Amino acid sequence: MCLTLPFWEVSSRLMLIGRMVDGGVAWGAWSDEWMVGGQSGVDARVWGKSRGLGFRYPLICHLLDTAEMAGALWESFLSPAQRESIASALDRSEQDARRWVMFIAGLHDVGKVVPSFQKMEPEAFGCLVGSGWQDPSALPGGAADIRHDRAGHLLLPDLLLLRGYRPGRTPASSVPHQIGQLLGGHHGTFNRSLPADQWDDPARFEPGLGAAGWSEERVRLVEAVHHTTGSPEPLVRLLGSTVATQVLGLVIVADWLASQEHLITASRPAPDWVADADGLRVHLGAARRSAPAAVRRAGLGSPARWSPGGFRDMFPEIATPNDLQASLDHDLERLVRGPGLLLVTAPTGDGKTEAALFGAQVLGRAAGTSGIFVALPTMATANQIHRRVAEFASRQLTDDAALILLHSMSWMNDEPSTATVDNADESGAILSEGSTSVAATSWLRGARRGLLAPLGVGTIDQALTGVLPTRWNVLRLMGLSGKTVIIDEAHAYDPWMHALIVRLLQWLGAFKVPVVLLSATLTGPTAASLVQAYRDGAGHAAPVSVEARYPGWVFVDAVSGEVSEPREVATNRPRSLDVRVVAVRHSHDPDEVGGRAAAIRAELEAVVDGRGTAAVICTTVAEAQQTYRMLASWFEKLPDPPQLALLHARFPAYRREELITQAEGSYGKDGRRPGRGVLVATQIIEQSMDLDFDLIVTDLAPLAMILQRAGRCWRHDRDPALRANTGPQVRVLAPIGESGALSVPRSWGEVYSPSLLLRTFELLSRREGAPIEVPADVQGLVDEVYARDFASADPDKLFGLDLDREVDEQTKKALAELVAIPKPTARPNLYRISNPEAGLSEDMVATRLGADADRVVCCYHDERGDLWLDELCRYIRLPTPRRDNRFTRDQERLIMRHTVPLRAGLMAKATPAQTVVPATWEENSHLKYLRMLRFPGGAGVIHEVAVGDRTWILSREAGLTVQ
C-alpha cells in the first residue's frame with residue numbers, strides 16, 4: 001500500500017524506518033536516545049492550542065495531556081460495566097485496554113500537523129517553513145485548506161500501519177481506517193469512509209496535508225504518544241458501534257478537560273523547553289499528577305454509590321410498602337444476575353417512582369453501573385421528579401455525586417441541587433457539610449455535558465437525541481451507557497416517539513444498560529415491542545411472548561434473554577369508577593339545550609350547591625379558556641361562588657408557575673382543600689401534578705388518557721363527608737352531530753386520533769352504568785380499544801378512521817426509522833451515527849422531538865414606545881445587555897419567565913417585522929430563537945395586538961388568547 005505513495009513520501013518514511021532499524025530500535029518499541037537532539041525529536045514549535053492563552057502550547061503537550069486525562073477518566077469516571085465492556089471488545093485486559101484508549105486519545109489532534117492549521121499562527125508557521133517544511137500554497141495551483149479533524153481521518157490509517165496495524169482489503173474492513181474515522185469525529189460528527197483511491201493515497205487528493213517536514217513530524221508524534229502510553233499492541237479487529245461510541249465519547253471528554261485554559265496555563269512549558277525524552281518525561285509526569293484532580297473538579301470522579309439495603313432501608317418514610325413495592329423487594333434481587341429490563345405497570349398513585357428507584361439500584365449493583373438517568377415526558381414532570389430524586393439521593397448516597405436537571409429550560413432552575421459548586425478542596429473533591437451533596441459542578445452544567453453527570457433527571461428528548469444523527473450524539477450515548485435508565489410514562493408517546501424509544505432500547509440493550517420502564521396503561525403489543533427491542537439489542541433476536549400484568553412487573557435478563565414469569569400484584573387503591581358518557585353538541589353557549597356548556601353546568605351543580613371539588617379537563621387551550629369564561633360568568637352571579645381557576649400551557653412562565661403552586665396548594669395531597677372549588681385545565685394536569693378531585697368532567701379522549709385523568713379522582717384519603725359524591729365519578733363529554741353520531745371537532749384531530757376517539761366512545765357507551773374496576777378492568781379495556789376485531793356500531797366508518805390512523809402511525813414509524821441511527825447490531829458505519837447530511841440539529845429535536853413550536857416573549861409598550869415586562873409599564877423594564885452585548889443570567893431568566901410556548905403554525909402568517917426580537921438578542925443562545933409580542937400597556941387597557949391574520953389578547957386570568 002505504501003508503495004502507491006508519491007516518491008518523496010515513500011522516501012521520507014523509509015528513511016525514518018531505516019534510522020530506527022539501524023539504531024537498534026525494535027519495531028514498535030521506544031528509545032529515549034531516538035528522541036534526543038537534532039531533527040529526530042518531536043518539534044516543540046508545532047503548536048496545538050493558542051486561542052485565549054497568549055502563547056502557543058506545543059501540540060505534543062496537548063496530546064499527552066489528553067492521553068493522561070483519558071487514563072484518569074478510565075479509572076474514576078467509567079463504570080465497572082463500561083470498562084469491562086470496552087476491554088472485552090478489545091480482547092485484552094482492562095489495564096491493556098486502558099493503555100490502548102489512552103493511545104487513541106493521544107492521537108486525536110494529529111491532524112493539526114498540517115499547514116492550514118499551523119499557519120493560523122504565522123510566526124510559528126514561518127519558522128517551520130524556514131526549516132525546510134513544505135508550504136503547499138507554493139505548489140502549482142496551490143492547495144486547499146483542510147479541517148484538522150478531517151486531516152486526522154485521512155492521515156491516521158497510514159500512521160497506524162507504521163505502528164504495526166494491518167491494512168484491510170477495503171476502508172470498511174480496515175481497522176486503521178476505522179480508527180482514523182473514529183478520531184476524525186472528535187468534533188461531534190463523523191466523516192464518510194474514504195474512497196479506495198483516497199485511502200491508498202490521501203496526499204495526492206489533499207496536497208494541503210503537507211509533505212516534507214509535515215509527514216516526518218506526524219510519525220514522530222505518533223511514536224511519542226505510543227511510547228508514553230505504554231506501547232499498546234495494535235487492535236486486530238473492527239470496533240462495534242457501541243464500543244466505538246464509548247471510546248470516542250471518552251476521547252471527547254478527555255480533550256475538553258485537557259483544553260481548559262487554567263490547566264494549560266498551569267502546565268505551560270518554559271520558552272526554551274525542548275520536546276526531547278527528558279522534556280517529555282517531565283511534562284508527562286505533571287500531566288499524570290494533575291489529571292485525576294481535574295476529573296474530580298469537573299464532577300466526573302464521583303460515581304453514585306448507594307447505601308445497601310432493602311426497600312424499607314431506602315424509603316424509611318414508607319412504614320408499610322404496598323404490594324408492588326413489597327413484591328419487588330422480595331423477588332427482584334433473586335432474579336437479577338446482571339443487566340436487564342424491569343417493566344412495571346400500575347395505576348397512578350401506586351408508588352411507581354419509589355419502585356423504580358429501588359429497582360434501579362438493584363439492577364445497577366448487579367450490572368456495575370455508576371448512576372441513573374430518569375427520563376420523563378414533560379418539563380413539568382421532570383421538575384417534579386427532580387425534587388424527589390434530589391431528596392432521595394441526598395439521603396441514600398454514601399458519597400457526593402452530582403445530580404443535574406436536563407431539559408430546554410432547566411438552566412433557569414435555581415434549586416440548590418443544581419447550583420454551581422465552587423467549594424472544592426485542593427484534591428478536587430466536592431466539600432459538603434452534613435448530608436451528601438448532589439450539587440452539579442459548573443463544568444457539568446456546560447453545553448452537552450449533562451448526561452455525563454452520575455445522576456440525571458430530564459425530558460425524554462435528552463436520551464432520544466442520542467439515537468438521532470445529530471452532532472455530539474455520541475456524548476449522550478456514552479453518558480447513558482454507564483447508567484441505569486428509568487423511562488417513565490412509557491405509554492404517553494406518539495408512534496414517532498415510540499419508534500425512537502424502540503431504537504434507544506436497542507442501543508441500551510447492546511450497551512447492557514439496565515432499564516426500568518414505568519407505565520400506568522400499556523397495551524400488550526406495546527409492552528411486547530419495548531421488551532423485544534431491548535432483547536434484540538442485547539443479542540436475542542428470537543421473539544418471545546410477553547404477558548404484562550396490571551398492576552405488576554416483569555424482568556428481562558439481558559445476558560440470557562429470558563423473560564421472567566410476570567408478577568401480578570394488588571393495588572393499594574382499588575376503586576370503582578363511575579364513568580359515564582354524556583353526549584353533547586359541541587357548543588359553548590350555556591343556554592343551548594344539550595350543548596357542552598350546559599352539560600358542564602349540570603355536572604357541576606353538586607359542587608356549586610353543596611360541597612366538594614371538580615376538574616374540568618378540555619382538549620385545547622382555546623376550549624379551556626372559553627369554558628373558564630363561561631363558568632366565571634355563571635359564578636359571578638352567585639351569592640357564594642365556588643373557587644374557580646384556569647390552568648394551561650399558554651400562560652407566561654412566571655404566571656403558570658404561580659397557578660401550579662396555587663392548584664397544588666388547593667388540591668394537592670397536603671393542600672388546604674377549599675370547601676368548593678373548580679379547576680379548568682388542559683392535559684397539563686394528567687402527568688405532572690399530584691391533584692385530587694371528587695369529580696372529573698373531561699372531553700372525550702382515548703381511553704388510556706381518560707383512565708389517567710381518572711387517577712386524579714379520589715386520589716388521596718379524605719373525609720367522605722366533605723366529598724361532593726359517594727365515590728369517584730368521571731363524566732366524559734362526547735361531541736355528537738345532528739344524526740346522533742360522534743362528530744369530532746376539527747381542532748381535536750391535531751391532538752387525538754379520531755379512530756381512538758370513536759373506539760373509546762363506543763366502548764364506554766356499551767358499558768353505560770357498569771363501573772370500571774381499577775385495576776381489574778384496566779388492562780382488558782385498554783387492549784380492547786386497540787383490538788383489530790373491535791365490534792363497532794358503524795364498521796365502515798371505523799374502518800376508514802382506522803386506516804387513516806394506521807397510515808399515520810406507519811408513516812411516523814417509517815420516518816423515525818429513516819432518520820434514526822442504525823441498530824447497534826448492524827455492521828458498524830460510523831458516518832451514519834452522526835450524519836451531518838441528515839440536516840438535524842439539537843434545536844430541531846428539543847423538548848418533544850419534532851413538536852415544532854415557537855416561544856414568544858410577551859411585553860408591553862408605553863406611549864413613548866419603551867418596552868416593559870409589567871402591564872402597567874412602571875416596574876420591570878425589558879432588560880438590555882451590558883456594553884459588551886452580554887446579558888447576565890438573571891436578565892436571561894427574567895425574559896424567559898415572560899415567555900409563552902405556542903403550537904406550530906399559530907404564528908405562521910406573522911411577518912418577521914411584527915415579532916422580531918431586539919438585535920442584541922441574536923448573539924444569545926437562550927434568547928435568539930424567541931419571537932416577541934408587543935402589547936399596549938397601562939391601567940384599564942385591553943392588551944390586544946394583531947399579528948398576521950390573528951388577534952392576540954393577554955390577560956392575567958386567561959393567559960394568551962388567540963382569535
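Strand E12, which covers residues 612-617, is mostly covered in this predicted model, and six of its six residues are buried. Gly-612, Ala-614 and Val-616 point one way from E12, while Thr-613, Ala-615 and Ile-617 point the other way. Residues on both sides of the strand are buried. In a regular strand the side chains alternate between the two faces of the sheet.

E12 is paired with two strands, E14 and E15. Strand E14 (residues 676-681) runs parallel to E12 and is joined to it by six bridges. Within this pairing, Ala-614 stands opposite Val-678 of E14. Strand E15 (residues 695-699) is also parallel to E12, with four bridges joining the two. Here Ile-617 has Thr-698 of E15 as its bridge partner.

The protein chain as a whole contains 35 helices and 24 strands. Its radius of gyration is 31 Å, close to the 30 Å given by the globule rule for 963 residues, so the chain is as compact as a globular protein of that length. The C-alpha trace spans about 100 × 70 × 60 Å along its principal axes.

Of the 963 residues in the protein chain, 58% are buried. Among contacts with a separation of 6 or more, 76% are between residues 24 or more positions apart. The accessible surface of the chain comes to about 38,500 Å², and carbon and sulfur atoms account for 51% of this area. The chain carries 100 positive and 115 negative side chains; the centres of these two sets lie 1 Å apart.

Notes:
Residues are numbered from 1 along each chain as its sequence is written. This is a predicted model: local features need pLDDT of at least 70, side-chain atom pairs count only at pLDDT 80 or more; totals for chains, interfaces and linings use all residues. Side-chain values use heavy atoms; hydrogens and water are left out. The radius of gyration is taken over C-alpha atoms; the globule rule is 2.2 Å times the number of residues to the power 0.38. Buried means under 20% relative accessible area, exposed over 50%, partly exposed in between (1.4 Å probe, protein chains only). Contact means heavy atoms within 4.5 Å. Accessible areas come from the Shrake-Rupley method with a 1.4 Å probe; for residues, only the protein chains shown count as cover. Lys and Arg count as positive and Asp and Glu as negative; His and the chain ends are not counted. The place of a charge is taken as NZ of Lys, CZ of Arg, CG of Asp or CD of Glu. Two strands pair if DSSP finds at least two bridges between them.
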